[in-house]
Amino acid sequence: MKTTSRTRGVTAAVALLFATGVGAQNLTITNARILDGTGRVIDRGAVVVRDGKIASVSATAPAANSGRTIDAGGKTVMPGLIDAHRHIVTGNPAQWLANVAPKEMQDFLDAGFTTLLCALEPLPAVEARNRINKGELKGPRLYVAAFEPVAGGGGPPPAEDPARTDPARAPPPDKPAPAIPRDVTIKGVEDAAKAGYDYLKVVLNATKNGPELETLKLIVSEGKKHNMPTIVHAVSVRDTLVAIEAKPDLLVHTPHIGNLGGDPAALKKIVDARIPMTSTLSVFVPHFDDKGTALFRDAKPFPWHTLSSAGQGPVNARLLWEAGIVSYGYGTDTQWPPRESLADELRALRLVFSPQDVVKIITKNAATATMHGAEIGTLEPGKLADIVIIDGDPMRDSGALTRVVTTIKGGEVVFEAKQ
């Protein structure tokens with residue numbers, strides 16, 4: 001049976017019902033310093049949760065509410081953290097689902113992450129999402145993207161990390177890449193919809209006079225028929241300018257190849273497109289192990305020839321922010337454990353963003369990037385009760401975001417640090 005926008009909408013509604021209802025509690029959090037994600041700070045307040053959703057956020061004493069009461073002890077209460085560009089499946093996909101996913105999903109909750117946009121995953125990630133929604137597996141809310149090529153020969157990334165030899169670092173080939181027949185692209189989108197994916201993911205390295213833009217436009221158009229947003233990997237300024245012509249729903253990288261400071265016309269064009277973007281600045285920042293060895297995200301030695309991207313990405317990010325980009329949200333594009341990825345991304349973000357900026361980037365803006373900002377990302381009445389309690393003040397020190405003591409997802413307490 002052909003998947004339609006209406007049937008996918010019903011499926012999404014059922015999934016949301018499961019995600020909200022399974023384990024949902026009535027809760028009251030008192031004695032809290034509240035950052036509601038909208039910019040409001042309440043020095044001493046309370047959050048009331050009913051049936052898994054925010055009922056009230058206020059500085060006044062809450063009315064009597066059934067269920068558990070949590071005394072925050074003056075700690076910070078804020079929206080659950082969101083990674084809007086993450087990869088979760090490693091190794092053999094079936095073995096990952098059976099043996100790795102349960103601990104990995106709990107690790108995300110322990111780190112305070114209540115939502116992940118999994119930007120290009122095999123089918124077991126969809127199954128993990130389904131099990132989480134049904135309450136069969138404990139983990140963050142997952143949204144999963146399927147890969148759709150835009151040129152012939154452009155399959156999924158190879159076993160070796162493609163960022164090491166990204167073709168975007170070189171001038172585009174003189175010859176255009178082979179085109180993909182329209183019917184093949186249309187079928188690919190239909191197959192992704194039938195498989196239950198939430199998004200379509202495109203990796204864009206445009207060739208001269210190539211077919212990539214027209215194929216991307218077709219993917220965007222076909223995706224809309226199935227209520228599937230299109231998200232685009234474009235890591236250079238050049239490819240970002242091509243991508244925005246197709247009007248995708250999300251750019252999942254800050255362009256880190258090419259200097260927007262030297263190209264004000266390109267900067268304005270990207271900002272005027274009003275397409276959300278995720279950070280992923282830590283991809284080209286060395287990850288240091290316990291011995292101080294510099295590693296890339298694939299756990300192999302860091303490729304120092306990519307280091308310029310570690311500086312250009314943050315610079316371009318701040319230029320886009322100052323120029324008024326519609327939304328700049330948190331994303332890592334990594335497979336390191338979530339606390340380690342968070343520390344790495346914070347290290348890069350803090351080069352050019354204030355602690356106040358970072359709070360917005362990892363909550364409200366990241367929710368916008370997932371296209372679910374109406375449901376998550378802020379503590380406002382009617383939204384899902386995705387909440388973290390943090391030991392520290394992330395408005396003064398972004399490092400406090402690594403000190404989560406309690407995580408609540410959809411009204412359910414899913415992690416509490418041992419006292």
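Leaving aside neighbours within four places in sequence, with which residues is Ser398 in contact?

1. Ser398 is in contact (heavy atoms within 4.5 Å) with Leu346, Arg350, Pro355 and Val358. Ser398 lies in the loop between strand 16 (387–390) and strand 17 (404–409); strands are DSSP runs of E, at least two residues, and helices are runs of H or I, at least four, numbered from the N terminus. Ser398 counts as buried because its relative accessibility is 2%, buried being under 20% relative accessible area with a 1.4 Å probe, protein chains only.

2. This is a predicted model, in which local features need pLDDT of at least 70 and side-chain atom pairs count only at pLDDT 80 or more, while totals for chains, interfaces and linings use all residues. Residues are numbered from 1 along each chain as its sequence is written, and side-chain values use heavy atoms, with hydrogens and water left out.

3. The mean pLDDT (the predictor's confidence in each residue, from 0 to 100) of the chain is 92, and 92% of its residues reach 70 or more. Over residues 1–21, however, the pLDDT is below 50. Where pLDDT is low, the predicted coordinates should not be read in detail.

4. Helix 9 (residues 338–349) has twelve residues; at 1.5 Å a residue it should span 16 Å, and its end C-alpha atoms are 16 Å apart, which agrees. The expected span is 1.5 Å times one less than the number of residues. Among the buried residues of helix 9 are Leu342, Leu346 and Leu349.

5. In helix 6, Val237, Thr240, Leu241 and Ile244 meet Ala266, Lys269 and Ile270 of helix 7.

Note on methods: Buried means under 20% relative accessible area, exposed over 50%, partly exposed in between (1.4 Å probe, protein chains only).
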